[in-house]
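Me: I'd like to learn how to read a few features of a protein model. Could you walk me through them?

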Amino acid sequence: QVQLVESGGGLVEAGGSLRLSCAASGSIFSINTMGWYRQAPGKQRELVARITSGGSTNYADSVKGRFTISRDNAKNTVYLQMNSLKPEDTAVYYCNAYLIAVLRPTLRDYWGQGTQVTVSS
């Protein structure tokens, strides 16, 4: 079984910072891309940022220059440093990993349970 466990969400004032972490564990053969998505109330889930195993990144336009994604391949962990937070960043943030599990040897998406980020104005 593969699990993604997120941490680091919470309540912060506008202009503040938070750092999210997500650790993938279980019978993992290899991880391709890891990333973060978010879903605000009444809206569709959207990509925030993602990073390949080689370190290539891409970001949603709304977070460029404010958020930084990074990854520790040895720990199967991805991070999202969020600075200059705005009320519109309020959402549930979900970790995603596109990986091959030992017992299911095809690339597929795995998701964490989500962590709430609330930015007050």
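Predicted model: local features only at pLDDT ≥ 70, side-chain atom pairs only at ≥ 80, totals over all residues.

Me: How many disulfides does the structure hold?

Reply: A disulfide is a covalent bond between the sulfur atoms of two cysteines. The structure holds one: cysteine 22 pairs with cysteine 95, with 2.0 Å between their sulfur atoms. The two cysteines link distant parts of the chain, 73 residues apart, with cysteine 22 in strand E3 and cysteine 95 in strand E9.

Me: Is the link of cysteine 22 and cysteine 95 left-handed or right-handed? And are the two cysteines buried or exposed?

Reply: The link is left-handed, with -80° about the S-S bond. Both cysteine 22 and cysteine 95 are buried.

Me: What is the phi of asparagine 76, and where is this residue placed?

Reply: Here is the general idea: most residues other than glycine have a negative phi. Asparagine 76 is not a glycine, yet its phi is positive, about 50°. Asparagine 76 sits in the loop between strand E7 and strand E8, and it is partly exposed at 25% relative accessibility.

Serine 84 also has a positive phi, near 50°. Its place is the loop between E8 and strand E9, and serine 84 is partly exposed at 40% relative accessibility.

Me: Which residues make the nonpolar surface patch?

Reply: Phe29, Val102 and Leu103 make the patch, which covers about 380 Å². Phenylalanine 29 belongs to strand E4, residues 28-39. Phenylalanine 29 counts as exposed because its relative accessible area is 63%, and the cut-off for exposed is over 50%.

Note on methods: Residues numbered from 1 in each chain as written. Heavy atoms only, no water. Patch = residues over 30% accessible without salt bridge, like charges linked within 9 Å, V, L, I, M, F, W, Y side chains within 5 Å. Areas by Shrake-Rupley, 256 points an atom, 1.4 Å probe, with all protein chains shown as cover. Salt bridge = Lys/Arg side-chain N within 4 Å of Asp/Glu carboxyl O. Helix = DSSP H or I, 4+ residues; strand = E, 2+ residues; numbered from the N terminus. Buried < 20%, exposed > 50% of the residue type's maximum accessible area, 1.4 Å probe, protein only. Disulfide = S-S within 2.5 Å.
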